[in-house]
Amino acid sequence: MSAQLFVVATPIGHLDDMTFRAVQVLKSVDLIAAEDTRQSAQLMKHYQIDTPLTACHDHNESSVIQQLIEKLKQGQDIALVSDAGTPLISDPGFKLVRAAQENNIRVIPIPGACAAIAALSSVGLPSDHFRFEGFLAAKASQRLQQLEQLQQQPHTMIFYEAPHRILACLKDMCQVFGEDRRVGLAREITKTFETIKQMTLGELYQFVSNDPHQQKGEIVLVVAGLTQPVAVTDDALDQLLGRLRQDLSVKAAAQLAADLLGVKKKIAYQRALELDQNSPDQAED
Ligand code: SAM
C-alpha cells in the first residue's frame, strides 16, 4: 500500500523555473504539504494544479508528521514543497523526510531551483568544494563567533542573509576574514533586479553601503575559503609583479597579483615597491 513522498523544488523568483516533472508530480499526487499554503496556492494557480494543500511548517511539522506518514502508509502520494526553492535547504521538511525514511517510505527528490547552488554557479569562486552555512545568527556576538570558526577553513562558503542585516554581516566578515577576501553577491536571483557580482569583501561593503537597492531583496553571499599563503612562493610573487609592472602602476599590479595569487594586497603592494627600488628603470607611478 505504501506510497511515495516527493520532495519538489519550486522557483526562487522566476515562475518559469519550474520543471515539467515538478508540475506533473504536483498534479498527480493526492496531497501537497506546503510550508505556507497561501504562498503555494499562487504557484498552483499559475500551473493550474488543483491538488489539495495542507500546511507543514517549522511550527507544526512535528505534529503533522504522524498524520502524513499514516496517509502515505494508506497509499496516498504526497509532495512536499517550501515557499521557494528546494525544501529542507534552510526550509522545513527534514523531520518529515526522516520519518518517511524510518518508515520505509520511498522518498523521491524532484530537483530544481536552489538559491545556494544558483549563486555558487554564477559568482565565479571555486566550486569544487564548498560549505553551505545557511543563515548566520542574527545576534552580532554569535555571528562573529560563527565567522571566527570559519576563518581558517579552505573551502568556498555559502551564506543566506536577510537584507536588513546585510551591512552588519559584511562588516563582521571584513573584520574576521579580512577586507581582501573574495566574495560573491547573488541578490534577487532570477528576478527583475538581479545582481550577480564578485569582488573583495571591502569593496562589496562599500558597494552595498553606497546603493540602498543592494540592501533589499533576497541575498546569497558566497565567500572564498582561506587560500594558504604558503602555496605562493616569494619567487612566484616577484615574477608576476615584475611582469605586471611592465604595463601597470604599482597599485594596479599589486591588486592583480593579490587577486591572482590569493596573497594580501598590502603584502603585494609592499613587495612591488621593494622591487621598484631595486630596479632603477621601472617606471614611476
Ligand atoms: N529553500 C530555499 C533554496 O532552495 O534556496 C531557501 C529558503 S531560505 C528560507 C530563503 C533564503 O534563501 C533567502 O533569505 C535568501 O538568502 C535565499 N534566497 C531565496 N531566493 C533567493 C533569490 N531569488 N535570490 C537570492 N537569494 C535567495
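User: Before we start, what do you mean by buried, exposed and partly exposed?

Analyst: Buried means under 20% relative accessible area, exposed means over 50%, and partly exposed is in between, using a 1.4 Å probe and protein chains only. This is a predicted model, where local features need pLDDT of at least 70, side-chain atom pairs count only at pLDDT 80 or more, and totals for chains, interfaces and linings use all residues. Residues are numbered from 1 along each chain as its sequence is written, and side-chain values use heavy atoms, with hydrogens and water left out.

User: Great. Is T195 buried or exposed?

Analyst: T195 is buried, because its relative accessible area is 7%. T195 sits in strand β9, residues 195–200. Strands here are DSSP runs of E with at least two residues, helices are runs of H or I with at least four, and both are numbered from the N terminus.

User: And what does T195 touch?

Analyst: Leaving out residues up to four places away in sequence, T195 touches L185, A186, R187, F207 and Q214. Contact means heavy atoms within 4.5 Å. T195 and L185 are 10 residues apart in sequence, and their C-alpha atoms are 7.1 Å apart.

User: Which residues of α3 are buried?

Analyst: E61, V64, I65, L68, I69 and L72 are buried in α3. They lie on the same side of α3, because they cover an arc of only 145° around the axis. That arc is taken from the directions from the helix axis to the C-beta atoms.

User: Why would spacing like that line up?

Analyst: An α-helix has 3.6 residues a turn, so residues three or four places apart point the same way.

User: Nice. What do the buried residues of α3 pack against?

Analyst: They pack against β1 (4–8), β2 (31–34), β3 (53–55), β4 (78–81) and α4 (94–102). Just after α3, G75 takes a positive phi of about 105°.

User: What about α2, which residues are buried there?

Analyst: In α2 (residues 37–46), S40, L43 and M44 are buried. Their arc around the axis is only 100°, which puts them on the same side of α2. R38, Q42 and K45 are exposed on the other side. The buried residues of α2 pack against α1 (20–28), β2, β3 and β4.

User: Now the largest nonpolar core. Which members touch the most others?

Analyst: Of its 22 residues, those are F159, L170, M173, F177, L204 and L221. α7 gives the most to this core, with seven residues. A nonpolar core is a set of buried Ala, Val, Leu, Ile, Met, Phe, Trp, Tyr and Cys residues joined through side-chain atoms within 4.5 Å.

User: Cysteines next. How many disulfides does the structure hold?

Analyst: The structure holds zero disulfides, a disulfide being a pair of cysteine sulfur atoms within 2.5 Å. The sulfur of C56 is 18 Å from the closest cysteine sulfur, in C114, which is too far for a bond. C56 counts as buried because its relative accessibility is 1%.

User: Last one: where does UniProt place "domain: RsmI HTH"?

Analyst: The unreviewed UniProt entry places that feature at residues 233–275. Over residues 233–275 the chain is 81% helix and 0% strand.

Key:
UniProt positions renumbered as here; feature names shortened; annotations may be inferred.
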